[in-house]
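Dear colleague,

I am handing over the structure below, together with some notes on what turned up in it. Please look through the model first and then read on.

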Amino acid sequence: SFTLNNNPYASFGATLAWDEERNLWSTPHDMSHTEADDDRILYNLIVVRNQLDKDSEEWQKLNYDIYTLRQMRRDVRNRWKCILEDLGFQKEADTLLSVTKRSIISDSQNTSKTREFLIKLSEETTIFPTSWELSERYLFVVDRLIALDAADEFFRIASKAYPKRYILSKAEDNQKAAQCNPPPVS
C-alpha cells in the first residue's frame, strides 16, 4: 500500500528525493494520487529499479523509462490544462484535473457516456500520445466536463489544437507543446 509523505520539511534536502521517487503521478509533490493501473505500472518500475545497482545498465534503462513515462503524463496533463484554460477555467483547471481516491463519478448513469467521450477524444485527436493507454484519471475529468456542460466545447478545442493527422512534423509538435507548456522554472 502506498502512503503519502506528510512531512512538512519534505521540500528540503534528502527528503526531496524520497518524495520524487514515490510520486506516482506526473507532478512532483502532487498529493492527488490514485491507484489506477498506470500508477501501479509506474510504481512497479520504481520498485524494480530501486532493487538494482545504480551503476548498472538495467538501472539506467528503468530510470529513463520512469522519466519518460512521467514526462508523457506531464505533457498530457498540460494539454488538458491548456484547453481547460481556453474554455475559461483558468482558476479551476488544476482542481478539474485533480483526481484522488475519494473522487467519484457524479452520475453513475454517465459512466458509459464518459468512457465513449474519452475514447472519441483519443481516436479523433492527438491529445494523448499514440502509445498512451487511456487513464482512469481522465474519466473523472470528462465526467466533470459533462456535468459543467463543457465536454462538447472541450472536444471542439481539442480537435483544433490536437488534430488527428497521419504525419505530424517534429517542428509542429514542438510548436504545439510550446503554446501549451509553460517554460521550465529555473
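Of the 30 residues in the largest nonpolar core, which touch the most other members? In this predicted model, they are Trp80, Leu84, Leu121, Ile127, Phe128, Tyr138 and Phe154. At least two residues of this core are supplied by each of α3 (57-86), α4 (93-97), α5 (111-124), α6 (136-147) and α7 (151-161), and the largest share, seven residues, comes from α6.

The next point concerns α7, where Ala151, Phe154, Phe155, Ile157 and Ala158 are buried. Seen down the axis of α7, these buried residues fall within an arc of 165°, so they line one face of the helix, whereas Asp152 and Lys160, on the other side of α7, are exposed. The buried residues of α7 pack against α3, α5 and α6.

As for one of these pairings, α5 and α7 pack at an angle of about 10°, with their axes 11 Å apart; as an angle under 35 degrees counts as roughly parallel, α5 is roughly parallel to α7. On the α5 side the contact is made by Phe117, Lys120, Leu121 and Glu124, and on the α7 side by Ala151, Asp152, Phe154, Phe155 and Ala158. By class, this contact of α5 with α7 has six nonpolar, no polar and three charged residues.

With best wishes

How values were computed:
Residues are numbered from 1 along each chain as its sequence is written. This is a predicted model: local features need pLDDT of at least 70, side-chain atom pairs count only at pLDDT 80 or more; totals for chains, interfaces and linings use all residues. Side-chain values use heavy atoms; hydrogens and water are left out. A nonpolar core is a set of buried Ala, Val, Leu, Ile, Met, Phe, Trp, Tyr and Cys residues joined through side-chain atoms within 4.5 Å. Buried means under 20% relative accessible area, exposed over 50%, partly exposed in between (1.4 Å probe, protein chains only). Helices (H or I, at least four residues) and strands (E, at least two) are DSSP runs, numbered from the N terminus. The arc is that of the directions from the helix axis to the C-beta atoms. Contact means heavy atoms within 4.5 Å. Axes are lines fitted to C-alpha atoms, for helices over the stretch in contact, and angles run from 0 to 180 degrees between N-to-C directions. Angles under 35 degrees count as roughly parallel, over 145 as roughly antiparallel, 65 to 115 as roughly perpendicular and the rest as oblique. Ala, Val, Leu, Ile, Met, Phe, Trp, Tyr, Cys and Pro count as nonpolar, Asp, Glu, Lys and Arg as charged, and the others, Gly among them, as polar.
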